[in-house]
Amino acid sequence: MTKVEKSIKNHPTISRLVHATLTDQTVQAIQEAVKQGKFLPGSQLPPEMELLQMLGVSRTTLREALRILEEQRLIRKRRGLGTFVMERAIVKDMSQNFGITEMISQAGYTPGTRDFDIYLEPSSKAIAEKLDIPSSSPLVVIDRVRTANDTPVVWTRDIMPQSYLGAWMPTIEELSQESLYDCLERYANIRITNGSASFSPVQANREIAEKLNGQRNSLLLLIEQVDNDQSQRPVLYSVEYHLTDKFNFIIQRKGPSF
């Protein structure tokens, strides 16, 4: 039995390992501890010196094991704060079009919203082209931070031509109780049937980083989408900035025979 196996066997926090390289043993030990709930999702790992004593390995071996675990997205290092166990990922299926609230709920989290702002502004040329409306047309804009268990995970901006909404103006109360899609159908007789989205990795600017409690220049996934209504009229342009460590992005792909 190696030193790391003996140390872990006798330690109350981390279980014994199977035979493997010293680095692999260390990786497996921490994986098993997380699996057994000894290190809970969202919790901070013990300091380096304490982990070294638990595992009985060198600093080089431990740091290599932590690097591997970070690549596996089991842990996350936060500059100046420490190393944390990753929380359950929110699954975002790119091939399905449904609301962020539902997506967060399906992952087992409590959805929420903060930094709500609803306002009017004239359309820029770029947005007018996306929505096929004249430039400077009045738009309804909805900005908000979406949270999972009170933790910010997405910043969104939804943009709609005001003339399409009739007498309805969205309110915070309505959007806190129903999805925007449901509200559009209920209050404006607009039923979203399909949409087209594009995806790109971007670095967080200062404004987005502050809203998502992240670091400036951290990596985000930007999703831009135009949704069409039942008459195939583009009615909604959405911009979403997702924290990449909070989501598991998937897409269903068909084979060449389809």
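I looked up the largest nonpolar core first: among its 36 residues, Met160, Leu165, Leu184 and Ile190 touch the most other members. A nonpolar core here is a set of buried Ala, Val, Leu, Ile, Met, Phe, Trp, Tyr and Cys residues joined through side-chain atoms within 4.5 Å. Buried means under 20% relative accessible area, exposed over 50%, partly exposed in between (1.4 Å probe, protein chains only). At least two residues of this core come from each of α6 (125–131), β5 (138–148), β6 (151–161), α8 (180–188), α9 (206–211), β8 (219–228) and β9 (234–243). β9 gives the largest share, six residues. Helices (H or I, at least four residues) and strands (E, at least two) are DSSP runs, numbered from the N terminus.

The model is predicted: local features need pLDDT of at least 70 and side-chain atom pairs pLDDT 80 or more, while totals for chains, interfaces and linings use all residues. Residues are numbered from 1 along each chain as its sequence is written, and side-chain values use heavy atoms, with hydrogens and water left out.

I then listed the contacts (heavy atoms within 4.5 Å) of Met160. Not counting residues up to four places away in sequence, Met160 touches Pro138, Leu139, Val140, Ile142, Leu165, Pro170, Leu180, Leu184, Val235 and Leu236.

Next I checked α8, where Leu180, Cys183, Leu184 and Ala188 are buried. Seen down the helix axis, the buried residues of α8 fall within an arc of 100° (taken from the directions from the axis to the C-beta atoms), so they line one face. They pack against β5, β6, α7 (172–177) and β9. After α8 comes Asn189, with a positive phi near 55°.

I looked up Arg206 in helix α9. Arg206 is exposed, at a relative accessible area of 52%.

Last, I went through the cavities. On a 1 Å grid over the protein atoms alone, a cavity is a set of points where a 1.4 Å probe fits but cannot get out; lining residues have an atom within 4 Å of a point. Points are joined across faces, edges and corners, and a volume is the space filled by probe spheres set on them. I found two cavities of 30 Å³ or more.

Met160, Pro161, Tyr164, Leu165, Leu184, Ile190, Val235 and Leu236 line the second largest cavity. β6 and β9 are the elements that give two or more residues to this lining.

Notes:
1 Å grid on protein atoms, 1.4 Å probe; cavity = no way out; pocket = protein on both sides within 12 Å on 5 of 7 lines; lining within 4 Å.
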